[in-house]
Amino acid sequence: MSGEKELIMPKHVAIILDGNGRWAKSKGMPRNYGHVQGAKNVEVICEEAYKMGIQYLTVYAFSTENWNRPKDEVDALMKLLRNYMKTCLATAKKNRMCVRVIGDKSGLDEDIRSRIAQLEESTKDNDGLHFQIALNYGGRDEIVRMVKKVAGKVKEGEISLEEVTQEYVSDMLDTCGLPEPDLLIRTCNEQRISNFLLWQLAYTEFYFTPAAWPDFTKEELIKAVEAYNHRDRRYGLVKEE
């Protein structure tokens, strides 16, 4: 609308997709129904985010702790993931999305790893939304894996301790080459980061919404971006009066 200040879009938005099970339960449906609807909503928000001008979108889909859920729920999530890989391939082709999976992929079944490799390879040159899916991901696990890699390189004499800088550490993480998130959104009113992108969220703005993930719409995304626009991004500097 005329007279309104144009929103500044965050370059990279990360989202913790929370509330699928509770949303389904509130409707008298099984938890897995919520996960299915949540997966469908990922496609919707990917498209809306890109239309708004967001360049990078990272979603927390399955954590290292999610393996502790009931076996039938984990099995259903893995089945949903297999189906989603196919859907995502078609969506990426239509919308020119560049898709990347972060996390410990070695902990996933071989057929899922194969589908991930196919998805990443076939979309790597796409120039649309950069879409990252965190699967079997945990921030602490990522840091431990990074430390082991760096320690191995130091031990083999490939690098010296003096070369281990913050920039080098960033390049050894799963998110190598990605800008750090400007905005983190968590749905369903939970106000914690739950082991997500622990290194990368150092200067990220947080936004929490009561909307469960299946109910998270373009309008909710706009509210989050509006809140982001009211934040004072100083990165440790003193604000000038």
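User: What do the buried residues of α2 pack against?

Analyst: They pack against β1 (12–16), α1, β2, α3, β4 and α7 (218–229). Packing here rests on contact, meaning heavy atoms within 4.5 Å. Helices (H or I, at least four residues) and strands (E, at least two) are DSSP runs, numbered from the N terminus. This is a predicted model: local features need pLDDT of at least 70, side-chain atom pairs count only at pLDDT 80 or more, and totals for chains, interfaces and linings use all residues. Residues are numbered from 1 along each chain as its sequence is written, and side-chain values use heavy atoms, with hydrogens and water left out.

User: Which residues of α2 are buried?

Analyst: Gly34, His35, Gly38, Ala39, Asn41, Val42, Ile45, Cys46, Glu48, Ala49 and Met52. Buried means under 20% relative accessible area, exposed over 50%, and partly exposed in between (1.4 Å probe, protein chains only). An α-helix has 3.6 residues a turn, so residues three or four places apart point the same way.

User: How far apart are the end C-alpha atoms of α2?

Analyst: They are 31 Å apart. The 22 residues should span 32 Å at 1.5 Å a residue, so the two values agree. The expected span is 1.5 Å times one less than the number of residues.

User: What follows α2?

Analyst: Glycine 53 does, with a positive phi near 110 degrees.

User: On to strands. How many residues of β2 are buried?

Analyst: Seven of the eight, so β2 is largely enclosed by the rest of the structure.

User: And how does β2 pair with β1?

Analyst: In the parallel sense, over five bridges. Two strands pair if DSSP finds at least two bridges between them. Valine 13 stands opposite leucine 57 in β2.

User: What about β2 and β4?

Analyst: They also pair in the parallel sense, over seven bridges. Phenylalanine 62 has leucine 135 in β4 as its bridge partner.

User: Now β6. Which residues form its covered face?

Analyst: Glu205 and Tyr207. The uncovered face of β6 (residues 205–208) holds Phe206 and Phe208. β6 pairs with β5 (residues 183–186) in the parallel sense over four bridges. Isoleucine 185 has tyrosine 207 in β6 as its bridge partner.

User: Last topic, pockets. What is the volume of the largest one?

Analyst: About 720 Å³. On a 1 Å grid over the protein atoms alone, a pocket is an open set of points where a 1.4 Å probe fits, with protein on both sides within 12 Å along at least five of seven lines; lining residues have an atom within 4 Å of a point. Grid points are joined across faces, edges and corners, and the volume is the space filled by probe spheres set on the points.

User: Which residues lie nearest its centre?

Analyst: Of the 32 lining residues of the largest pocket, Leu17, Tyr60, Ala61, Asn66 and Arg69 do. The elements giving two or more residues to this lining are α1 (20–26), α2 (31–52), β2 (56–63), α3 (71–95) and β4 (130–137).
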